[in-house]
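Please open the structure in a viewer and keep the selection tool at hand.

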Amino acid sequence: MSKKHEHEHGHDHGHDHEHGHDHEHGHDHEHAHDHPHPHPHDHPHPHEHGHAHGHDDHDGHEHGHGHDHPHPHESESTIEHEHPARTPLLSEGAGVGKVLFLDAFSGIAGDMTIAALLDLGIPLLVIERAVSALPIEGFHLHRGHRHRSGIVATSFDVHVEGEQPERTYGEIDAMLAAAPLDPKTSTLARRIFRRLGEAEAAVHRMPLLDVHFHEVGAVDAIVDIVGSAAAFTYLGAEVVGSPLPMGRGFVKARHGILPLPPPAALECLRGVPTYGVDLDVELVTPTGAAIIATVASRFERWPTFAPERIGFGAGTRELPDRPNLLRAVLGTVSSGSIDIIGSATHVILEANVDDLTGEMAAHAIEALFAAGALDAWATPITMKKGRPALTIAALAAAESADRVAAALMQETTTIGVRRLPVSRTERPRRIVSVMTPYGSIRVKISEGPFGPPQIKPEFDECAAAAKAYAVPVREVIAAALAAVPK
């Protein structure tokens, strides 16, 4: 069975595939190669459907296909200068504490996702390095651009140049696990591929490890998923997705005619909001569905945030009633947006993770306190498919929220952090030092119109004094309480 949107076609890009695409790109794409890249960055996705679209390359752009991997010495600034993309390039972690909104008004595919992220300002080298870590060859990447309704958008294609082996999900997962990828990129890529593999397994009623990703489709899917995972990890933003448009009709696939939306795409979108549109075209491919369903923390028409940067990724075909684009918008949750929810003095930051060990969770909580959290905790939860997981959360003052969010992103495997603005009522507090037979001990006194004051000696100091004097810690606590002035 095949993979990706391609549903068995072998690819998914531009989601247009397959339906006779008239992609028009003739705009100087600067194929990131100006260095021969052995790498793919550009999917040409030859679908195995009967047409091999060559994208954009037919426009007279010679992109050095040389297979081989990107030149790490190639100047990214040169690449960006030649390509009409957003500048300056985004730095690693530029999205931490921010929201990345994937506005899929025309649907989503793997190549469109990478194209939109490149147009937003993710360096092409991030994609190239991730893909070059994989033991696959016989393809190269190509970044170009296309015009859609007057908008100049980035395009991304993977050009497969020779025969490719048929790969099973089990083989691909093992390859990703063994590849020298950044750990967070590897974890995210494997999660996305697993969602895609489980969808195919459900459609074909077969064991997950035996699901086949056919030739070109496998290469396209691998590049799109690993490249997207690397880009999302590099940016570090919380991803929010829009509801997804579902086309209708049928598409010719490797094993016959399939209804739209593709069965595998629907399996990937369990729980994701969708709506129907009056177009006989594939708008959401399986690979695109797997990516957005895995990375998005939530779905809404438009999040409450202040846009800062916008990128457009182009699909390969022209649509009759809308520009075939995926819009990526990076922004911040402004103080104004928090005021809409209420006057918040504090923020609860939280993330759900299903691949964190107990030791790592404990370390993450320590890091949250070090970053300025007023409190931090882990709550056992159950996630998709009954998987046990943890919610790692922290309470922070509004002014410390960005630092705490960054720590949560850095010290856990999450790719997004939820922010819940809150306000709290506090007792006025003061700390006094009292003299006891065991030395000076600090005591916290919380007062106010809430009944008798709460008096609590600092436990760490009591414990240290108890050890020094070889007495039970409760004796030190009692002595400290007795010494507090009445």
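**Stop one: a sheet and its helices**

Begin by selecting helix 10, residues 358-370, which lies across strand 15 and strand 16 (388-397) and runs at about 145° to strand 15. The model is a predicted one.

Helix 11 lies across strand 14, strand 16 and strand 17, and its direction is at about 10° to strand 14.

Four strands make up an open sheet with antiparallel pairing, and their order is 15-16-14-17. At the edges are strand 15 (375-382) and strand 17 (418-422), each of which pairs on one side only. From one strand to the next, the twist averages 25°.

Within this sheet, select strand 14, residues 346-353, together with strand 17. The two run antiparallel and are joined by five bridges.

**Stop two: a cluster of rings**

Proceed to the aromatic side chains. How many aromatic pairs does the count come to? The count comes to four aromatic pairs. Select Phe101 and Phe305, one of these pairs: the arrangement is edge-to-face, with 6.5 Å centre to centre and 80° between the planes. Phe101 belongs to strand 1 (residues 99-103), whereas Phe305 is in the loop between strand 11 (296-299) and strand 12 (306-314); the pair therefore ties together parts that are 204 residues apart in sequence.

Is Phe101 buried or exposed? Phe101 is buried, because its relative accessible area is 0%, and the cut-off for buried is under 20%. Phe305 is likewise buried, with a relative accessible area of 10%.

Trp302 itself is partly exposed, with a relative accessible area of 39%. Taken together, Phe101, Trp302 and Phe305 are linked into a cluster by ring pairs.

**Stop three: a charge over a ring**

Select Arg301 and Tyr275. The charged end of Arg301 sits over the ring of Tyr275, at 4.8 Å from the ring centre.

**Stop four: two covered helices**

Select helix 2, residues 110-120. This helix is mostly covered, with eleven of its eleven residues buried. Among them are Asp111, Met112, Ile114, Leu117 and Asp119. Then select Gly121, which follows helix 2 and has a positive phi, near 130°.

The buried residues of helix 8 include Pro286, Gly288, Ile291, Ile292 and Val295.

**Stop five: an exposed arginine**

Finally, select Arg205, which is found in the loop between helix 5 (183-204) and strand 5 (212-213). Why does Arg205 count as exposed? Arg205 counts as exposed because its relative accessibility is 72%, and the cut-off for exposed is over 50%. Display Ala202 as well: the side chain of Arg205 reaches the backbone oxygen of Ala202 at 2.3 Å.

How values were computed:
Residues are numbered from 1 along each chain as its sequence is written. This is a predicted model: local features need pLDDT of at least 70, side-chain atom pairs count only at pLDDT 80 or more; totals for chains, interfaces and linings use all residues. Side-chain values use heavy atoms; hydrogens and water are left out. Buried means under 20% relative accessible area, exposed over 50%, partly exposed in between (1.4 Å probe, protein chains only). A polar contact is a pair of N or O atoms within 3.5 Å; within protein, one must be able to donate a hydrogen and the other to accept it, and residues adjacent in sequence count only if both atoms are side-chain atoms. Two strands pair if DSSP finds at least two bridges between them. Axes are lines fitted to C-alpha atoms, for helices over the stretch in contact, and angles run from 0 to 180 degrees between N-to-C directions. Contact means heavy atoms within 4.5 Å. Rings of Phe, Tyr and Trp (its six-membered ring) pair if their centres lie within 6.5 Å; planes under 30 degrees apart count as stacked, over 60 as edge-to-face and the rest as tilted. A charge sits over a ring if NZ of Lys or CZ of Arg is within 6 Å of the ring centre and within 35 degrees of the ring normal.
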